[in-house]
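Me: I have a structure open and would like to talk it through slowly. Could you take my questions one at a time?

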There are 2 protein chains.
Amino acid sequence: MSEKITRVAFQGEHGAYSEEAVIEHFGETVEPVPCESFDAVFQSVQEGNCDYGMIPIENSLTGSIHRNYDLLLQFPLSVVGEQYLRISHCLIGVPGTSLERIKKVISHPQALAQCQQFLASLQGIATEPVYDTAGSVKMVKDTGSAEIAAIASQRAAQIYEMAILAKGIEDNPANFTRFQVIAREPVSPSDDAKTSIVFSLNNRPGELYRAMSVFALRNIDLTKIESRPLIGKPWEYFFYIDFVGSIEDPVTQRALANLEEFSTFMRVLGSYPRHRPQPKIESG
Amino acid sequence: MSEKITRVAFQGEHGAYSEEAVIEHFGETVEPVPCESFDAVFQSVQEGNCDYGMIPIENSLTGSIHRNYDLLLQFPLSVVGEQYLRISHCLIGVPGTSLERIKKVISHPQALAQCQQFLASLQGIATEPVYDTAGSVKMVKDTGSAEIAAIASQRAAQIYEMAILAKGIEDNPANFTRFQVIAREPVSPSDDAKTSIVFSLNNRPGELYRAMSVFALRNIDLTKIESRPLIGKPWEYFFYIDFVGSIEDPVTQRALANLEEFSTFMRVLGSYPRHRPQPKIESG
């Protein structure tokens, strides 16, 4: 009998950037479990099929992944960690091919868009959008063609035993994604932590300002604010706030108690150790 | 020679909800000009091919249309009006068919999702996503089949001379879209107005709170806040704020001058007459 291996759900195929975030966060010993959709990632954690889920929450170029904000509210799960990942694209082909032989490049539309300048520099190359970055590598492998290349991560090239024809081909190197780790039970980080909450307010002037005062007056640093529609109440919102501080901290507790005095709904999504990457921007 | 007719660009085919917003806002005498993409709407106004553009900015069920926020910043155009529209879906078939004969329903995936309960009540009906609501009516018309229906607006049924098989079939009647009207030159509404601005801040704790204080301390009512990534500066943001008040109002002017004292960038997107619909929710 083998030891129980930690299973972590992610959206996409093996070799996806989300899988890279799983490995960065948990190390090589966990089992990343591919899921078809973000919904399936949440489902899989809730049902106990996986211990954790790794969900992208925001990209530095394209913004928030709003579907995951909605799912955080819909599922009774907790945020227990965060992970930043530098997104760096490679051009990937079958072993033995070369950059000069490529006539068509396939990938997720967002990856193609992020490598526009590089692709233009190749001249006369056709592009074709497909559903997934890692999936595009799999597709090129299946065709066996030396004239088609995919755009995906270095890790995807390794997994599918394919050749890297060019590295760091993204136009803008300031391309990072922030992920959150979800689990069935919350954690209680004691020291350097962040907390994510969601709340709604009375539809009166000045209420959001009042909610932000709760944090500002206690010198609590808000790192992100996002709003999503409150279904059934047009032009009312759920506000999502991330701030620096642990739920164990009395100052945090007083701030949240203060917010609850006038919010119409408030839920702590989770308190988790803060990930502090050095967002070093390497040149391609 | 005919008089010059006002041309208003919108995204989608004739019969799209955006075209309905054009007619609601400008009346029947203008010429709505269909465009393939939101980008094309902005382009068309900038180049002078159209006098105005009508862009959806937020839906009460699905949230902000983030692409249009980004385009408002990229193009040197002004917001000169707003329009609320109740989104109410119809099931539409070829003349002579009936609800009982329908075996397949096609529409934009969001429209199909918004009519899920109605579709389930029909039993044994297949659904198929297509690119556009109005476009789906056109497609049903082209097939001539009495067994296929589309989901779109009442207006789309009229335009393509098709039959309405069921009305108000959306699960949630609290379905509204807010549109903004864009033009090359700003307007200066003097009385009941709203103003839209975009700004960025130093990446320091408390700066957003400070920005909101500028309005709160002057009793200016913020109606919407949205954030979008500042490209090239990971985890810094452009903030979009809509508030009640005209740019002609000295209080507004002082608030914006105050904001400019510490913002790193600030642009007035436009000041425009406030649209005050009675958001009456009729039952299907």
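Me: How many residues of chain A are in contact with chain B?

Reply: In this predicted model, 26 residues of chain A are in contact with 26 residues of chain B, where contact means that the C-beta atoms of two residues, placed from the backbone, lie within 7 Å.

Me: Which element gives the most to the side of chain A that touches chain B?

Reply: That is β13(A), with five residues; α8 (207-216) and β13 (222-229) of chain A each supply at least two. Helices (H or I, at least four residues) and strands (E, at least two) are DSSP runs, numbered from the N terminus.

Me: And how do the residues on that side divide into nonpolar, polar and charged?

Reply: There are 15 nonpolar, eight polar and three charged residues on the side of chain A that touches chain B, with Ala, Val, Leu, Ile, Met, Phe, Trp, Tyr, Cys and Pro counted as nonpolar, Asp, Glu, Lys and Arg as charged, and the others, Gly among them, as polar.

Me: Changing topic, which residues of helix α2 in chain B are buried?

Reply: In α2 (residues 38-46) of chain B they are B:Phe38, B:Val41, B:Phe42, B:Ser44 and B:Val45, and a residue is buried if 20 or more other C-beta atoms, placed from the backbone, lie within 10 Å of its own.

Me: Why do they line one face of the helix?

Reply: Seen down the axis of α2(B), the buried residues fall within an arc of 160 degrees, so they line one face; the arc is that of the directions from the helix axis to the C-beta atoms.

Me: What do they pack against?

Reply: The buried residues of α2(B) pack against β1 (7-11), β2 (31-35), β3 (52-59), α3 (66-74) and β11 (176-183) of chain B.

Me: How are residues and chains labelled, and what does the model require?

Reply: Residues are numbered from 1 along each chain as its sequence is written, while chains are lettered from A and ligands numbered from 1 in the order in which they are written. Because the model is predicted, local features need pLDDT of at least 70 and side-chain atom pairs count only at pLDDT 80 or more, whereas totals for chains, interfaces and linings use all residues.

Terms used:
Buried ≥ 20, exposed ≤ 12 C-beta atoms within 10 Å, placed from the backbone.
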